Amino acid sequence: MDDLADDLARQVLDKARAKGVTITTAESCTGGLIAAALTAIPGSSDVFDRGFVTYSNAAKVEMLNIAQTTLDAHGAVSEEIAAEMAFGALARSKATLAVSVTGIAGPGGSEHKPEGRVCFGLAQAGPGHTETVEFGPLGRTQVRDAATRHALTLLLKAL
């Protein structure tokens, strides 16, 4: 974990602790890096509830109750799936705030879904939030790291 991710994770945990918020993650292209960043900080267990790594579409459906119709209509890399992932993680945990990430870390991609496109979701009581960030073809590791930092930033803003 780089210094920026470490600093962001500490800020997220401190702010969540102060507000009595607990966190869950639902990750695809980051493969658990967000959860790893949060749990690398000693004492995180009072804030971090659990993480879901749902890399395959089947895992998204089985673990997070993503609708197959949403997958068929929008594909796994979409804000619609990011929203369902976040709300699914929230429903299947004891957390009060969820962040999700799904994207194309690379190499590869397509004309319609290029390498470096990552969709994020946030869920808590009330309406959720989604957004898409085009990190570009930075390379697999760099896209995953950038997505992790962005997800931590979204959590921080939500708090």
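User: Is Asn 65 buried or exposed?
Analyst: In this predicted model, Asn 65 sits in the loop between helix 3 and helix 4 (68-74). Its phi is positive, about 60°, although Asn 65 is not a glycine. The cut-off for exposed is over 50% relative accessible area. Asn 65 has a relative accessible area of 53%, so the residue is exposed.

User: Which residues does Lys 60 contact, leaving aside its neighbours within four places in sequence?
Analyst: Lys 60 belongs to helix 3 (residues 57-64). With a relative accessible area of 1%, Lys 60 is buried. Beyond those neighbours, its contacts are Ser 28, Thr 54, Tyr 55, Asn 65, Ile 66, Ala 76, Ile 81, Met 85 and Thr 102.

User: How many Å apart in space are Lys 60 and His 74, C-alpha to C-alpha?
Analyst: Lys 60 lies in helix 3. In sequence, Lys 60 and His 74 are 14 residues apart. The C-alpha to C-alpha distance between Lys 60 and His 74 is 14 Å.

User: In what order do the elements of the protein run from the N terminus on?
Analyst: The secondary structure consists of six helices and five strands. Read from the N terminus, the order is α-β-α-β-α-α-α-β-β-β-α.

User: Why can strand 4 (residues 117-123) be called largely enclosed by the rest of the structure?
Analyst: Buried here means under 20% relative accessible area. Strand 4 is largely enclosed because, of its seven residues, the number buried is six.

User: Which residues lie on the two faces of strand 3 (residues 97-103)?
Analyst: Seven of the seven residues of strand 3 are buried. Both faces are therefore covered under the cut-off of 20% relative accessible area. One side carries Leu 97, Val 99, Val 101 and Gly 103, and the other carries Ala 98, Ser 100 and Thr 102.

User: In which sense do strand 1 (residues 23-27) and strand 3 pair?
Analyst: Five bridges join strand 1 and strand 3. The pairing of strand 1 with strand 3 is parallel.

User: Which residue in strand 4 is the bridge partner of Ala 98?
Analyst: Strand 3 and strand 4 pair over six bridges in the antiparallel sense. Ser 100 stands opposite Gly 121 in strand 4. For Ala 98, the bridge partner in strand 4 is Ala 123.

User: Which residue in strand 5 (residues 129-134) stands opposite Phe 120?
Analyst: Strand 4 and strand 5 are antiparallel and share six bridges. In strand 5, the residue opposite Phe 120 is Glu 131.

User: Which residue takes a positive phi in the hairpin of strand 4 and strand 5?
Analyst: The hairpin has five residues between the strands. A phi near 95° is found there at Gly 126.

User: What is the omega of the peptide bond from Gly 106 to Pro 107?
Analyst: Pro 107 is placed in the loop between strand 3 and strand 4. The bond from Gly 106 to Pro 107 is cis, with omega near -5°.

User: What distance separates the C-alpha atoms of Val 143 and Thr 39?
Analyst: Val 143 and Thr 39 are 104 residues apart along the chain. Their C-alpha atoms are separated by 21 Å.

User: What radius of gyration does the protein have?
Analyst: The C-alpha trace spans about 45 × 30 × 20 Å along its principal axes. For 159 residues, a compact globule would have a radius of gyration near 15 Å. The protein agrees with this, with a value of 14 Å.

User: What share of the contacts with a separation of 6 or more comes from residues 24 or more positions apart?
Analyst: Buried residues make up 50% of the 159 residues. Among contacts with a separation of 6 or more, the share from residues 24 or more positions apart is 63%.

User: How far apart do the centres of the positive and negative side chains lie?
Analyst: The protein exposes about 7,100 Å², of which carbon and sulfur atoms supply 53%. There are 14 positive and 18 negative side chains. The centres of the two sets are apart by 4 Å.

Key
Residues are numbered from 1 along each chain as its sequence is written. This is a predicted model: local features need pLDDT of at least 70, side-chain atom pairs count only at pLDDT 80 or more; totals for chains, interfaces and linings use all residues. Side-chain values use heavy atoms; hydrogens and water are left out. Helices (H or I, at least four residues) and strands (E, at least two) are DSSP runs, numbered from the N terminus. The radius of gyration is taken over C-alpha atoms; the globule rule is 2.2 Å times the number of residues to the power 0.38. Buried means under 20% relative accessible area, exposed over 50%, partly exposed in between (1.4 Å probe, protein chains only). Contact means heavy atoms within 4.5 Å. Accessible areas come from the Shrake-Rupley method with a 1.4 Å probe; for residues, only the protein chains shown count as cover. Lys and Arg count as positive and Asp and Glu as negative; His and the chain ends are not counted. The place of a charge is taken as NZ of Lys, CZ of Arg, CG of Asp or CD of Glu. Two strands pair if DSSP finds at least two bridges between them.
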